[in-house]
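Take a look at the model first, then try each task before reading on.

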Amino acid sequence: MPIDKSIDYSAITPEIKALTKLCLADNVIEPEMYVKYAVNRGLRDLNGNGVLTGLTEISEIQSSKMVDGEKVPCEGKLFYRGVDVEQIVSGFIREKRYGFEETVYLLLFGALPDEAQLDDFKKLLAGYRSLPTNFVRDVILKAPNADMMNTLARSVLTLYSYDARATDNSTENVLRQCLQLIALFPMLSVYGYQAYSHYVLDKSLFIHNPVPELSTAENLLHILRADGKYTELEARILDLALVLHAEHGGGNNSTFTMHVVTSSGTDTYSAVAASLASLKGPKHGGANIKVVQMFEDMKQNVRDWTDEAAVEAYLRALLHREAFDRAGLIYGMGHAVYSLSDPRANVFKHFVEMLSEEKGRHEEYALYAAVARLAPKVIGEERKIYKGVSANIDFYSGFVYSMLDLPLELYTPIFAISRIAGWSAHRIEELINAGKIIRPAYKSVKPRVDYVPLHDRK
């Protein structure tokens with residue numbers, strides 16, 4: 001049957017508008033019902049505190065401590081398998097090597113590798129950086145998409161068809177699948193962007209093969225750039241970003257999604273695609289894009305970036321819904337868990353300043369630093385808050401990616417390239433502990449009614 005090209009399948013028709021009114025009329029739950037039945041909204045309770053929904057040994061976040069029997073805020077800490085992330089970072093930086101592969105090993109296997117183990121692991125990942133024959137041509141290049149997260153998810157789901165053991169959820173097979181996806185995510189993301197850049201933006205198409213001897217960060221820059229070149233500082237800062245984004249506890253949206261979907265017994269590709277769908281949301285993985293866009297608007301509206309009074313006035317305008325997207329938010333400030341500080345941002349900012357010097361963008365860095373200093377004061381004066389506010393990792397990461405000349409379309413996929421490490425660790429943990437968790441109960445507040453036969457309905 002031929003396709004009717006006159007039909008606009010994306011149109012909102014009058015029929016859809018009419019049916020939408022039915023949805024709106026019968027899908028509202030009164031806020032007081034959540035209080036009455038003590039139901040938490042998502043992963044937060046009614047006061048905004050995190051809700052314990054499971055147990056994990058993959059990572060731990062510390063944002064408070066007990067003092068004289070009282071819970072008080074403290075400087076933020078992040079631990080991967082019990083190891084302080086700040087110590088991990090200072091270690092591989094001091095030893096002048098890349099740290100992402102070591103971090104992946106730690107998250108998956110629970111301990112830092114020795115030199116021989118790390119070398120073997122790097123070779124294993126390098127061996128998996130090879131897509132099936134003609135996959136780039138037949139899957140990626142034939143369906144260019146402006147949204148790289150959708151492109152990435154489609155590629156992941158298509159890889160299911162190339163896996164003879166796609167539904168085997170044994171630990172050894174899932175580990176094999178996860179390692180392959182960790183190795184392939186940079187290629188799937190960048191090649192997806194190259195397809196979009198060529199077929200939609202009309203730019204030159206080039207597909208570089210990864211180099212086995214290079215790290216994940218080096219390979220990412222190599223296959224993205226036409227000349228394949230990058231500076232050592234660029235690669236080391238991107239590597240640092242991958243380390244800091246690799247994992248953040250089981251309570252963030254995409255990792256919680258991984259646990260929930262894995263608990264159904266589904267395959268690795270479906271579970272990873274579900275986590276990608278969660279990460280794609282602007283309230284999760286897309287936050288750093290909002291920070292960059294907010295600063296672009298700020299630079300247009302604040303003539304003198306060194307005028308702190310003008311910067312502060314702009315920040316107040318943001319909170320009053322008078323500037324940028326009028327959402328009433330200062331993007332990049334505050335975190336659902338951390339209060340006094342986000343340890344990832346603390347680690348990152350020194351290297352961000354170094355890169356800004358290399359790129360000749362120190363004035364922009366100074367503006368970022370000013371906002372990081374002024375925003376907590378402004379928010380404290382304008383809003384009633386239950387905990388401290390500080391710059392989070394998203395505040396700096398978008399600026400770093402812009403200095404690395406990474407396209408905006410790849411900001412969230414780079415998050416996924418990193419976080420697939422944590423998702424993999426959590427999937428394996430969930431499968432190993434399957435059957436040991438009590439299913440959650442959901443309470444309906446809709447009154448019960450009797451069934452009415454079709455011919456008697458009005």
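**Exercise 1.** Decide whether glutamate 70 is buried or exposed.

*Solution.* Start with the cut-offs: buried means under 20% relative accessible area, exposed over 50%, and partly exposed in between (1.4 Å probe, protein chains only). Next, take the value for glutamate 70, a relative accessible area of 53%. Glutamate 70 is therefore exposed. To place this residue, note that glutamate 70 is found in strand S2.

Before going on, please keep in mind that this is a predicted model, in which local features need pLDDT of at least 70 and side-chain atom pairs count only at pLDDT 80 or more, while totals for chains, interfaces and linings use all residues. Residues are numbered from 1 along each chain as its sequence is written, and side-chain values use heavy atoms, with hydrogens and water left out.

**Exercise 2.** Work out how strands S1 and S2 are joined.

*Solution.* First, find the strands: S1 covers residues 59-67 and S2 covers residues 70-80. Strands are DSSP runs (E, at least two residues), as are helices (H or I, at least four), numbered from the N terminus. Two strands pair if DSSP finds at least two bridges between them; here 8 bridges join S1 to S2, and the two run antiparallel. Finally, go to the turn: the hairpin has 2 residues between the strands, and aspartate 68 takes a positive phi near 55 degrees.

**Exercise 3.** Describe the surroundings of asparagine 219.

*Solution.* Begin with its element, helix H9, which spans residues 216-224. Then check the accessibility: asparagine 219 has 2%, so this residue counts as buried. Now list the contacts (heavy atoms within 4.5 Å). Leaving aside residues up to four places away in sequence, asparagine 219 touches Arg129, Pro210, Val211 and Leu214.

**Exercise 4.** Compare the radius of gyration of the chain with that of a compact globule.

*Solution.* The radius is taken over C-alpha atoms, and the globule rule is 2.2 Å times the number of residues to the power 0.38. For 458 residues, the rule gives a value near 23 Å. The chain has 24 Å, which agrees. As a further look at its extent, the C-alpha trace spans about 75 × 60 × 55 Å along its principal axes.

**Exercise 5.** Summarise the chain as a whole.

*Solution.* Count the elements: there are 18 helices and 3 strands. Then turn to burial, where 47% of the 458 residues count as buried.
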